[in-house]
Each structure stands twice: as C-alpha cells, then as structure tokens.
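Subject: Structure handover

Hello,

Here is the structure you asked about, with the sequence alongside. My notes on it follow below.

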Amino acid sequence: MKRLIILVAAALLQYACTSSPQTESEKALLFQKTLNKEFANKDTSPLVPDALKNFKELDFFPVNERFIIEAQFTRTPDEVPFEMPTTTERKPIYVKYGEATFLLNGKEQKLDLFQDINLRNQKEYEKHLFLPFTDLTSGVSTYGGGRYIDLEIPEGEAIILNFNLAYNPYCVYNPKFSCPIPPEQNYINAEINAGIKDYKYK
C-alpha cells in the first residue's frame, strides 16, 4: 500500500504542475490512469505472474461527481493507538485521528479516519490519513472486504471525500499481501458506485 500511495501522490503533483486548476473529477481520472499503469508494470504490479500476462485494465465505475463529498471533519486527539486486524496475523498499530460526517441520500453518515503510527513518523506521510470502508456494494459489485481511500489532514474543519479514488486492498490481487480490515463503524448504508470495482482473475 505504501508503494501505491507514493505513485499516486507523485502523479497528482506532476499533473497539478501542468494543468491548473485541477478538479476532483480530473484527479479521479488521473488516479485510474496511474493505477492501470502500475498494475501493467511487472516491477510495480501486485498481480501474480499469470494474471499480469493477461492484464489489460482495472474495472472502475464511471467518475461520478455525486460521490465527491465535502464532509465535516472533527479531530479526536485523545484516541488510544490500537492493533488493526488484517487478512493475516499481522496487526499494524493505528490511531483514530478524526471523524468525517456527511449526508448521503438524506441520511447522516460518519466515518473514522486513521493514521498508521509507523507511517506518520516519516515526513512524507505525517499528514496522511487512511479511510477503510464498506458499503452496500461490498460483495456485490465491489470487493466484499471493503475498499480504501488515502487522504491528507485538512487545514480546517472540512474534508473532501472523493469516493472515485476508492481502491482495493492488494490482497484482492495477491494473497501474499496483508491488508487492514475496515472496522464495523465504517460501514456506509448506501451504494457507493464510485471508485474501483471487484477484481476477478480470468
């Protein structure tokens, strides 16, 4: 996951320097292009060799501005670090950094945002936030174990949740990876038809 964060951040920075202003929809299109490029490259792809041979592109929902949401951001500074369950025996240490509250389909939703304790000690990731979530598409059109979004700590009390940037854990593509499991409280009682779809090896 760390490698993915680096690649996407670099691509976004490059794009911002050559095309301004940049919209959230443009970020999503660049995100899709970057992810496909990474997966097609044998040096960066998480795919097993047989799957890589036949890889063409990942399956995404069409970019949808409805799923670009400005949420209320609340910091939670007194949280205690904890071991986050993963798909393996590994238990990385995370801490809840804040909450994002927003309306979707007329209903209030609240998601917890986390920081990886080890990752945040590195200067380039000190503002990084991790959002793992599940929704009504999980196990239907998207991976049953949920998806992730990478964010940055905002300056104020609002944060943009661009669900078009939602991606799958690497363990979807290769069982050798260990992936955090989204906590129960980060279930969205709605269909998030944005971001990446489930992956089926053919």
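Rings of Phe, Tyr and Trp (its six-membered ring) pair if their centres lie within 6.5 Å; planes under 30 degrees apart count as stacked, over 60 as edge-to-face and the rest as tilted. Helices (H or I, at least four residues) and strands (E, at least two) are DSSP runs, numbered from the N terminus.

Before the rest, two remarks on how to read this. The model is predicted, so local features need pLDDT of at least 70 and side-chain atom pairs count only at pLDDT 80 or more, while totals for chains, interfaces and linings use all residues. Residues are numbered from 1 along each chain as its sequence is written, and side-chain values use heavy atoms, with hydrogens and water left out.

Other rings

The structure holds 13 aromatic pairs. One of them is Phe-39 with Tyr-173, edge-to-face at 4.7 Å centre to centre and 75° between the planes. Phe-39 belongs to helix α2 (residues 24-40) and Tyr-173 to the loop between β7 and β8 (187-188), so this pair ties together parts that are 134 residues apart in sequence. Phe-39 is buried at a relative accessible area of 1%, and Tyr-173 is buried at 6%. Both also belong to a cluster linked by ring pairs, together with Phe-55, Tyr-170, Phe-177 and Tyr-199.

A charge is found at another ring: Lys-197 lies over the face of Phe-61, 5.0 Å from the ring centre. The cut-offs here are NZ of Lys or CZ of Arg within 6 Å of the ring centre and within 35 degrees of the ring normal.

Asn-174

The loop between β7 and β8 also holds Asn-174, which is buried at 10% relative accessibility. A polar atom of its side chain lies 3.1 Å from the backbone oxygen of Pro-46. Leaving aside neighbours within four places in sequence, Asn-174 is in contact (heavy atoms within 4.5 Å) with Pro-46, Leu-47 and Val-48.

Strands

Strand β1 (residues 68-75) pairs with strand β7 (residues 158-162) in the antiparallel sense over five bridges; two strands pair if DSSP finds at least two bridges between them. Ile-68 has Asn-162 of β7 as its bridge partner. β1 also runs antiparallel to strand β3 (residues 93-104), joined by four bridges, and Gln-72 has Thr-101 of β3 as its bridge partner.

β3 in turn pairs with β4 in the antiparallel sense over ten bridges, with Tyr-94 opposite Asp-116 in β4. Their hairpin has two residues between the strands, and Asn-105 there takes a positive phi near 55°. Strand β4 (residues 107-116) is mostly covered, with seven of its ten residues buried. Leu-103 in β3, by contrast, is exposed at 60% relative accessibility. Its C-alpha atom is 8.0 Å from that of Ala-71, 32 residues away along the chain.

Regards

Notes. Buried means under 20% relative accessible area, exposed over 50%, partly exposed in between (1.4 Å probe, protein chains only). A polar contact is a pair of N or O atoms within 3.5 Å; within protein, one must be able to donate a hydrogen and the other to accept it, and residues adjacent in sequence count only if both atoms are side-chain atoms.
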